[in-house]
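Try each task before reading its solution.

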Amino acid sequence: MIGNKWDELLKEEYQQEYFQKLMNFVKNEYKTHTIYPKENEVMNAFRYTDYDNVKVVILGQDPYHGPNQAEGLSFSVKNEVLKPPSLKNIFKELESDLGIPFPESNSLKPWAKQGVLLLNAVLTVEEHKPTSHKDQGWEHFTDDIIKIINEKETPVVFILWGAYARQKKSLITNPKHLIIESAHPSPFSAYNGFFGSKPFSKTNEFLKKNGIQEIDWRVE
């Protein structure tokens with residue numbers, strides 16, 4: 001289904017009744033509505049960031065719901081569309097934190113390829129209907145993903161932006177890992193603690209301290 005170690009780790013998950021129901025729901029939604037991301041991109045977060053490579057998890061809520069935005073990675077959009085406000089604010093904080101110039105690119109694939117799992121709690125959405133696929137089973141699936149990563153022996157940084165992501169904190173119990181939490185990068189909350197939170201430099205300091213290759217946060 002994914003094509004790497006995740007399939008082995010999720011073998012039992014795929015067999016569970018809730019997951020079968022979820023897949024039937026999603027399949028039907030793609031037949032009857034406009035759903036994002038494209039069907040073959042839903043599992044992109046896992047394709048780009050294999051289990052053994054996970055160094056950082058950035059948790060989002062659900063995909064962007066506008067045409068051609070979502071690409072299966074939290075906060076990331078395709079290069080041919082306008083930057084959403086939250087992504088603009090992420091890049092502003094990146095510039096302020098590490099001096100990396102505001103990029104023309106939108107896609108966070110370069111982060112994913114280095115071990116940043118860009119995970120949404122819900123992996124599909126109907127066009128122009130945010131959170132429309134909430135409570136269909138995706139949260140069960142992605143909570144189990146977080147639990148699997150929590151069991152990793154190598155230290156991982158979990159970046160939780162906003163109240164929704166911070167609810168997942170209870171799933172991260174392994175003292176080897178680092179949790180970085182702040183307000184959401186949305187324009188509605190970015191000035192309440194997201195700006196100035198320095199998540200990128202804090203992540204790299206932690207990785208370096210643990211002898212793990214730091215992330216090159218440039219996206220171009």
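**Exercise 1.** Which residues of the largest nonpolar core touch the most other members?

*Solution.* Keep in mind that this is a predicted model. Start with the membership: the largest nonpolar core holds 66 residues.

**Exercise 2.** Take Phe 46 and find what it is in contact with, leaving aside neighbours within four places in sequence.

*Solution.* Contact here means heavy atoms within 4.5 Å. With that cut-off, Phe 46 meets Ile 2, Asn 4 and Trp 6, then Leu 117, Leu 119 and Leu 123, and finally Phe 141 and Ile 145.

**Exercise 3.** Describe the largest pocket and its lining.

*Solution.* First, the volume is about 580 Å³. Next, 35 residues line this pocket, and Gln 61, Asp 62, Pro 63, Tyr 64 and His 184 are the closest to its centre. Two or more lining residues come from each of β2 (56-60), α5 (85-98), β3 (116-120) and α8 (162-166), with α8 giving the largest share, four residues. Finally, sort by class: 21 are nonpolar, 12 polar and two charged.

**Exercise 4.** Which helix gives the most to the lining of the second largest pocket?

*Solution.* This pocket has a volume of about 240 Å³. Its lining includes Met 23, Asn 24, Val 26, Lys 27 and Tyr 30. Helix α3 (residues 17-32) gives the most, five residues. By class, the lining has seven nonpolar, one polar and three charged residues.

Key:
Residues are numbered from 1 along each chain as its sequence is written. This is a predicted model: local features need pLDDT of at least 70, side-chain atom pairs count only at pLDDT 80 or more; totals for chains, interfaces and linings use all residues. Side-chain values use heavy atoms; hydrogens and water are left out. A nonpolar core is a set of buried Ala, Val, Leu, Ile, Met, Phe, Trp, Tyr and Cys residues joined through side-chain atoms within 4.5 Å. Buried means under 20% relative accessible area, exposed over 50%, partly exposed in between (1.4 Å probe, protein chains only). On a 1 Å grid over the protein atoms alone, a cavity is a set of points where a 1.4 Å probe fits but cannot get out, and a pocket is an open set with protein on both sides within 12 Å along at least five of seven lines; lining residues have an atom within 4 Å of a point. Grid points are joined across faces, edges and corners, and a volume is the space filled by probe spheres set on the points. Ala, Val, Leu, Ile, Met, Phe, Trp, Tyr, Cys and Pro count as nonpolar, Asp, Glu, Lys and Arg as charged, and the others, Gly among them, as polar.
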